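Please read them alongside the sequence and the coordinates.

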Amino acid sequence: MAATKYSIIVPVYNRPDEVKELLESLCTQTFRDFEVILVEDGSTVPCADVVRQFTDRLSINYFTKANSGPGQTRNYGAERAGGEYLIILDSDVMVPPGYLQAVEDELLREKADAFGGPDRAHKDFTPIQKAINYAMTSFFTTGGIRGGKVKMDKFYPRSFNLGISAKAYKALGGFSKMRFGEDIDLSIRIFKAGYKCRLFPEAWVWHKRRTNLKKFFKQVHNSGIARINLYKKYPESLKLVHMLPAVFTLFCWLLPLTLLWAFAVFADSSIKNKSPKIGLLSVAASFVQLTGYGSGFLRAWWLRCVLGRDEELQAFKQTFYK
């Protein structure tokens with residue numbers, strides 16, 4: 001029998017301030033049967049001093065290793081975890097007090113081999129962070145596929161908030177060596193292997209994501225490239241919703257349609273965030289989300305599907321974590 005119910009695994013790269021916020025939120029958990037595995041992935045600004053502040057409040061194991069990217073860093077942590085279930089969190093998230101209890105309640109209600117939850121914007125996030133959160137979760141941009149109840153595709157857990165039984169993780173070999181899209185690659189393999197995977201709607205996290213539109217563009221451009229890399233591995237994984245940003249990118253010059261879309265985004269975000277300012281920022285963030293992803297998708301499609309390049313493509317390698 002596993003000594004711990006949940007092992008929370010967090011890969012970290014140069015984020016001591018964010019790690020402190022995450023660890024503070026883990027201290028508030030009402031369900032206490034968990035350990036924290038924090039793995040420093042070749043950081044030049046380590047968080048060892050931050051971790052020491054929590055050793056008397058959390059069961060925490062801190063490791064350092066050479067840089068290899070988030071997927072392999074999570075595998076490193078999983079090899080050292082003792083939990084029955086592994087919960088993968090990004091270092092820029094915070095969890096509400098009832099997060100682990102919500103996971104426990106769902107698993108008691110109906111067993112699952114893997115699961116994931118949605119993300120939200122905290123009330124103290126900056127307006128641009130709230131706008132980026134809107135862009136990544138709205139039906140008008142992603143089709144609601146990132147954890148919402150209205151979706152254009154089935155739910156695939158993402159690495160900012162992903163849970164899986166230790167047995168299934170080991171059987172699947174953990175994360176692949178893909179530098180981008182490695183979480184979707186794992187989710188695809190979870191389904192292909194016949195494991196039961198569910199959305200836990202109440203197991204949500206606050207997710208900071210990127211802090212400005214330039215960094216956000218780099219993130220979503222990489223995601224667009226990763227989608228074609230995934231298509232080359234799993235042709236059946238490409239769905240209509242994944243192509244829509246590319247269509248938007250190609251035809252955003254059609255001004256009347258773009259203005260109609262922009263007004264819908266502005267109105268929807270302004271109402272949800274109770275702020276016209278965030279509504280305007282959401283238009284900009286949503287445009288970046290769609291054109292960034294769409295341009296990455298088209299770039300990779302041209303190089304890999306038209307020109308026939310075999311190797312997986314990458315972009316913005318030096319800024320992946322930033």
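1. In this predicted model, three strands form an open sheet in the order β5-β10-β7, with mixed pairing; strands here are DSSP runs (E) of at least two residues, and helices are runs (H or I) of at least four, both numbered from the N terminus. The edge strands, β5 (93-94) and β7 (119-120), each pair on one side only, where pairing requires at least two DSSP bridges between two strands. Strand β7 is joined to β10 (residues 205-207) by two bridges, and these strands run parallel; D119 has V205 as its bridge partner in β10.

2. T141 lies in helix α6 (residues 139-142) and is buried, with a relative accessible area of 9% (buried is under 20%, exposed over 50%, partly exposed in between, with a 1.4 Å probe and protein chains only). Leaving aside residues up to four places away in sequence, T141 touches Y134, A135, M136, W261, S286, Q289 and L290, a contact being heavy atoms within 4.5 Å.

3. The side chain of T141 reaches two backbone oxygens, that of A135 at 2.5 Å and that of S138 at 3.1 Å.

4. The structure holds zero disulfides, a disulfide being a pair of cysteine sulfur atoms within 2.5 Å. For C27, which is in no disulfide, the nearest cysteine sulfur is that of C47, 14 Å away. C252 is partly exposed, with a relative accessible area of 23%.

5. On conventions, residues are numbered from 1 along each chain as its sequence is written, and side-chain values use heavy atoms, leaving out hydrogens and water. Local features need pLDDT of at least 70 and side-chain atom pairs count only at pLDDT 80 or more, whereas totals for chains, interfaces and linings use all residues.

Methods: Polar contact = N/O pair within 3.5 Å; in protein donor to acceptor, adjacent residues only side chain to side chain.
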